[in-house]
Amino acid sequence: VVTGVGVVCPYGVGLDRLQAGMLAGKCCLAPTKDVYPGFEGSTAQVCGLPLPGKGAGSKYSRSDRLAMAAAQDAVRDFDCESVAFREGGVFMASTVAGLSEIDPEIAMDPAAWYRRGGLERAASYPAAHVADAVGEHLGVRGPRCAISAACASSAMAIALAANMLLDGAARMMLAGGSDALCPFTLSGFSSLQALDPDPCRPFDRNRKGLNLGEGAAVLVLETLDAAMARNAHMLAVLRGWAMSNDAFHTTAPQQQGNGLADCMRVAMEMAEASGDEIGYVNAHGTGTPLNDVAEANAYETTFRGRKRPIPVSSTKSYFGHCLGAAGALEAAITILAVRCGALLPTLRLTDPIESSSVSWLRGEVRRDALPLAMSVSAGFGGSNTALIFGDARFGNSGSGNGRS
Amino acid sequence: MTSNLAAITGIGSVSPYGQLAGLIPQCDLEPESITAWTTAGLRRAFLAKPFRPASVVPGLKTRRLDRLSAWALVASSLAIQDAGIDLSQVDHSRVAVVFGTGFGCAELTEAFYQSAAANGWSGTDPSPFPEGLANAPAGHVALWHGLRGPNITVGNKGFAGESALIQAASLLRHGQADLAIVLAGDTLTRAVYEWYEGAGLLSPDCYNLEPLPEGGGFMPSEGVAAFVLEPAGRREVRAYANVVSGRWAAGGKPVETIRQMLGGSVPSLTICAGNGAPCAASSTVALAREISRSSATIVPAQAVAGGLADAGAFLHLILALSGRPRSGRALLLGTSGDSGFAALLLELP
């Protein structure tokens, strides 16, 4: 079960800020050149927040600090002196990690750059540093690791953390992702010509690409028994999860979306849920020409035969693609959907891709009671992850093979 | 008849010992002088010798890939061959790939920074960007072999290999895969080597041809090792070892946790992993002594595998198995300087 959700995003810190901003339909995307001169397009940044771990000589990268703030927000109701907490695990995803702290000069003469103060900054380069930063900040000393699956990373971190609970390796797992906006990724996606110069339009026929954002989200996962034993407030139930790979191309998704469809099917089997029982899908929905077609095809395969088209939206239209943090942030948004029955629309979706099995959410927020909702993620390298959340108040916390 | 145990039925490696399927013949290796970049005086490491991947795996195209991806492709192919698996007879959607690495594709990440330094951020070369992602090697292994199951890359300070093996065994146990290709590895680049140097982590032997008695630090290494992991007893094949259980943690009480995992049994063999620095090696031996009976054999950390820092566990295990240990229960044990540990309980047939 999910007993805590911590979020740091352009709206601020906390699930309440995220909910208020999104329900108001506020778009956080702004011209990139305002923050990074020389870069075109739109991005969304976390501004003006007192992130922990700052200061001269800090060993923490911006991704570390975003993660630490999100994790701190997630555990605010937990007894941080308890054994379950101290022996808990931390699975964190990041694609940027400490790359934001490294200058191009490192490539010309690494030793000289290290002597000029880069040694400590470069120590934050491994993705594992983010998990270590969270663990050290909160005093959580159980199993820690970094999960890398490009843009599916943090959804996968949540799935693998759930496996750890099933294995009895910990009673509490912090799982999520964090990624900072930085020139490395702005330049990389720009060189691939994957960026939309304007605010992105996922699933629109006239979409041109993605926008980058930054943020972090961390879920507190516990077994049902552990959560009940400490009388924890249950926010949602993770009913099913699955991971797959397209085995098709390094950067392009398989156009029929077969890998993603397989992933959703397996997650639904684990949740013992039919297509009709899934009330909403929070899509990966990057806004790139190839991703959105493949994804629409995957929904067509998965939800064909459903009584009514499946409601789908991409919330990357609000604050961009947060890369390694995207899956966890979208898991948080999916949990909000099942908790308050609010199905958020995709912003700027005026001329959607045709699909007979999908009801593209656009315009106003739709209200509907949701027993189950799914969040899907995909990434370079062909990785896919699907997570299915249920509302704990619907009395489904004990079903689904006793999963966490 | 199947069980909860996961069997290692195939091994492949690309390392300073060469490109090998199965165990590694016993031999002593000398570190080599670094020539890939200009160094101020002698700099040595255990280096994987250059080779053409297509000469080992016909048809393999690796020109644009990071060496880590190329080596992962070769090591995985050798492991599958060693396991005697015909992939055309396997449901590809049920095969997982799990890769453990400390630094990921450092070579192409550095190449991307080089293009930024030369041309500015607006003129970077696009090709190293996606290929420099840490999960690129696992993605290429899936792509080459057509494996559509879970595809996971894990990083872990000190214990990336152990974490990968534990996660892979978990996937099999929960029915999320029928077979897993599990890999661990890192490459040595100039930025990595000079970071070790700047942090004072290197052995004096890196700078001298004659070993110095005072020791300290470690000799860096590079390579990728791959295991084929499948439920024990599913096929009638030789298993190098069965993974019984595993635990790792960033701190806490290692002795208590490991004893709990052992459930009262005491392994007859402890294989020390972890990085090759003397302080880490001695803390691992001390922990092994505390857990094992005095009669248990303790295999100390090997320099070549220890140089692989976070990803050396697989090479430690292969080298120990290559030494023809007796059958029984064995513990693969690693510690990090700050009370972190990883322990895998194995059954040697």
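The model is a predicted one.

The contact between the two chains comes first. Chain A puts 61 residues into it and chain B puts in 53. The size of an interface is often given as the accessible area lost when the parts come together. Here, the area buried between chain B and chain A comes to about 4700 Å², and carbon and sulfur atoms account for 62% of that. On the chain B side, the residues that lose the most area to chain A are B:Tyr113, B:Trp121 and B:Phe129, which together make up 15% of what that side buries.

As for polar links, 25 residue pairs are in polar contact between chain B and chain A, counting pairs with both residues at pLDDT 80 or more. Several elements of chain B give two or more residues to the side that touches chain A, among them helix 3 (106–119), helix 6 (160–173), helix 7 (190–198) and strand 9 (241–249). Helix 3 of chain B supplies the largest share of that side, with 8 residues. Sorted by type, the chain B residues touching chain A split into 25 nonpolar, 20 polar and 8 charged. There are also 2 salt bridges between chain B and chain A. A salt bridge between the side chains of A:Asp109 and B:Arg190 has an N to O distance of 3.5 Å.

Strand 6 of chain A (residues 144–148) runs antiparallel to strand 6 of chain B, and 3 bridges join them. Within this pairing, A:Ala146 sits opposite B:Gly155 of strand 6 of chain B.

A residue of interest on the chain A side is A:Asp132, which lies in helix 5 (residues 128–138) of that chain. Its relative accessibility is 10%, so A:Asp132 falls under the 20% cut-off and counts as buried. The side chain of A:Asp132 makes a polar contact of 3.1 Å with the side chain of A:Arg144. Setting aside neighbours within four places in sequence, A:Asp132 is in contact with A:Arg144 and with B:Lys157 of the other chain.

Moving into chain B, strand 1 (residues 6–15) is mostly covered, with 10 of its 10 residues buried. In a regular strand the side chains alternate between the two faces of the sheet. Strand 1 of chain B pairs in the antiparallel sense with strand 8 of chain B (residues 223–231) over 8 bridges, and B:Ala7 stands opposite B:Glu230 of strand 8. Strand 1 of chain B is also antiparallel to strand 9 of chain B, with 3 bridges between them; here B:Ala6 has B:Val243 as its bridge partner. A further antiparallel pairing, over 4 bridges, links strand 1 of chain B to strand 2 of chain B (residues 18–21). Those two strands are joined by a hairpin through 2 residues, and B:Ser15 is bridged to B:Gly18 in strand 2 of chain B.

Back in chain A, 3 strands make an open sheet with mixed pairing, in the order 3-4-8. Strand 3 (30–31) and strand 8 (212–213) of chain A are its edge strands, each pairing on one side only. Strand 4 of chain A (residues 42–44) pairs with strand 8 of chain A in the parallel sense over 2 bridges, and A:Ala44 stands opposite A:Gly213 of strand 8.

Terms used: Residues numbered from 1 in each chain as written. Chains lettered and ligands numbered in written order. Predicted model: local features only at pLDDT ≥ 70, side-chain atom pairs only at ≥ 80, totals over all residues. Heavy atoms only, no water. Contact = heavy atoms within 4.5 Å. Buried area = accessible area lost by both parts, 1.4 Å probe. Salt bridge = Lys/Arg side-chain N within 4 Å of Asp/Glu carboxyl O. Polar contact = N/O pair within 3.5 Å; in protein donor to acceptor, adjacent residues only side chain to side chain. Nonpolar A, V, L, I, M, F, W, Y, C, P; charged D, E, K, R; others polar. Pairing = 2+ DSSP bridges. Buried < 20%, exposed > 50% of the residue type's maximum accessible area, 1.4 Å probe, protein only.
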